[in-house]
Amino acid sequence: MTGASTSESIIESARGPATGGRRTLVVAAVVVLAAAAGVVPWRSRGEDPPRRPAPATALPSELYAADGTTLIARFDTDEPQDSCLRASVNDWGYFCDYFVTWWRGQEAFGTDPAQRLERLRHGGYRVNGSLDPRLQAGAKQRVDATVPVSDPNVFSLAAIEPGTGLVRTMAANRNFRRPAAASRATGPTGDQGDVLPAWRPAGPDVVDPLVSGSAETPGGAAGAPFMMFTLAAALDGGLTLDHEIDTKRVYQSKYRIDPQNPVACDGGYWCPANTGDPAYLSGRRTMWDAFGHSVVTYFVALQERLGAERSVAMAQRLGIVFRSPQDQRLSEPADSRSWGAFTVGVSATTALDLANAYATLAADGTRCDPLPVTRVTDAAGRPIDGVGPRCEQALRTQVARAAIDAARCPVGDRSAFGDRCGAGTVATTTVHDTVGRPVAGQSGLTSDRRGFSVVVAAPQLATAGLIASPPAFDPGAAQLDAGVPEHAVGVVAGVAHDGLAPLPARDFTAPPRELAFA
């Protein structure tokens with residue numbers, strides 16, 4: 001990365017809760033395309049390190065919402081997650097649990113996780129969190145209305161602030177409650193021969209980090225939004241937005257797979273095909289209209305030219321974390337060169353990671369670690385240093401702006417250079433009208449209809465949602481019902497609208513012409 005820098009400053013005030021009504025059901029749903037690479041087990045959460053004795057004058061720490069007055073949790077028990085389970089609003093639990101995970105990793109609160117948790121329980125800290133309670137309430141309502149808590153499919157959603165990493169909402173169609181019994185699942189085979197991620201939680205009560213992920217819960221496949229990482233890598237390598245490829249409906253790639261795989265051709269090469277709008281099944285495409293219509297064979301051919309390892313590296317630079325052992329292995333340089341399906345989003349990801357990656361682009365290439373707090377003070381009211389935004393320049397500013405220009409096409413917006421997105425509509429064409437201001441983003445539906453994702457980014461907020469089906473039961477029953485993807489787009493767009501409504505409208509900065517035209 002170039003121009004790396006770290007900001008340790010404390011944010012002195014939090015943005016107020018979102019206001020303004022919503023007349024249409026909308027908001028961001030996240031990605032899941034075809035075939036995840038490798039079995040991804042979902043296991044129970046690990047236990048905390050041994051606790052140290054509490055000091056004689058123990059004071060519980062308290063976590064508040066972004067408004068500074070709404071109490072989320074008081075950490076007055078031996079197990080911090082128990083405090084999150086007792087939150088007055090149940091769906092705040094996922095954010096609270098993410099905060100505890102974040103706290104454990106902060107050196108400002110102790111030399112090791114055990115000492116940090118002990119100080120959380122007994123140090124008397126006051127924490128102003130980043131959660132917007134009104135935005136959270138709307139997100140939870142929309143998520144549950146689209147995919148009910150009783151549905152086996154998991155719908156998770158996150159919104160994050162570009163340029164700071166502040167996490168504004170974390171919602172899922174589950175109760176934050178320990179299940180009476182947990183089950184394990186093994187993923188089925190996807191349409192490219194890989195094994196899709198397995199979701200351990202099968203019931204309505206789940207305490208696993210469904211929105212943020214962990215080594216034990218790495219997420220689901222993201223689909224077409226991952227095409228962005230190939231596009232950004234191409235721009236970073238010197239290509240322009242008008243770069244043309246004469247696409248075919250079926251493309252014989254150089255990537256080898258099992259000759260018996262249904263998508264293999266000519267003795268064992270991966271041969272992906274375009275789907276969707278018949279007008280885009282073949283023909284000459286640029287980055288604008290290829291991304292706007294998720295033209296698979298364009299991005300597979302583009303990735304071949306660059307090298308798949310550059311697409312993988314770009315995803316990591318922008319904020320994607322590989323958590324499953326299979327994805328971690330495939331992301332290593334020696335293996336990533338042959339990870340052809342990466343560009344179509346087969347690796348496991350989370351709503352929070354996807355939102356953060358697009359937030360990096362919306363912030364002109366500045367990537368920030370997701371941050372659940374705006375201010376922390378000790379028992380004496382003194383602010384704690386070293387817990388503010390941690391950001392670095394992950395991508396050159398002008399390259400990020402060019403990538404965003406292409407990403408305006410799928411969501412009904414318009415390139416800074418005029419009509420470049422191509423004719424026709426896609427699932428997310430209505431997003432721009434719903435949000436009511438400049439936006440960028442993408443969506444993806446798996447070919448077997450097991451999952452769907454969508455991400456919507458604006459200069460001040462990036463929102464992403466992920467629907468994934470736990471494949472522990474009848475594969476047919478696990479498919480998404482008709483209309484769910486369209487409603488999920490509305491969910492993400494709606495949350496984006498509500499989160500942006502209190503803020504002044506801002507447009508993206510246009511990239512220079514030399515990155516648009518050869």
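**Exercise 1.** Determine which residue forms a salt bridge with Arg 74, and explain why the pair ties together separate parts of the chain.

*Solution.* A salt bridge requires a side-chain nitrogen of Lys or Arg within 4 Å of a carboxyl oxygen of Asp or Glu. Arg 74 meets this rule with Glu 62, the closest N and O atoms being 2.7 Å apart. Arg 74 lies in strand β2 (residues 71-75) and Glu 62 in strand β1 (residues 61-64), so the pair ties together parts that are 12 residues apart in sequence; helices (H or I, at least four residues) and strands (E, at least two) are DSSP runs, numbered from the N terminus. For accessibility, buried means under 20% relative accessible area, exposed over 50%, and partly exposed in between (1.4 Å probe, protein chains only). Arg 74 is partly exposed at 35%, whereas Glu 62 is buried at 18%.

The model is predicted, local features need pLDDT of at least 70, and side-chain atom pairs count only at pLDDT 80 or more, while totals for chains, interfaces and linings use all residues. Residues are numbered from 1 along each chain as its sequence is written, and side-chain values use heavy atoms, with hydrogens and water left out.

**Exercise 2.** Find how many residues of helix α5 are buried.

*Solution.* In helix α5 (residues 227-236), nine of the 10 residues are buried, among them Met 227 and Phe 229.
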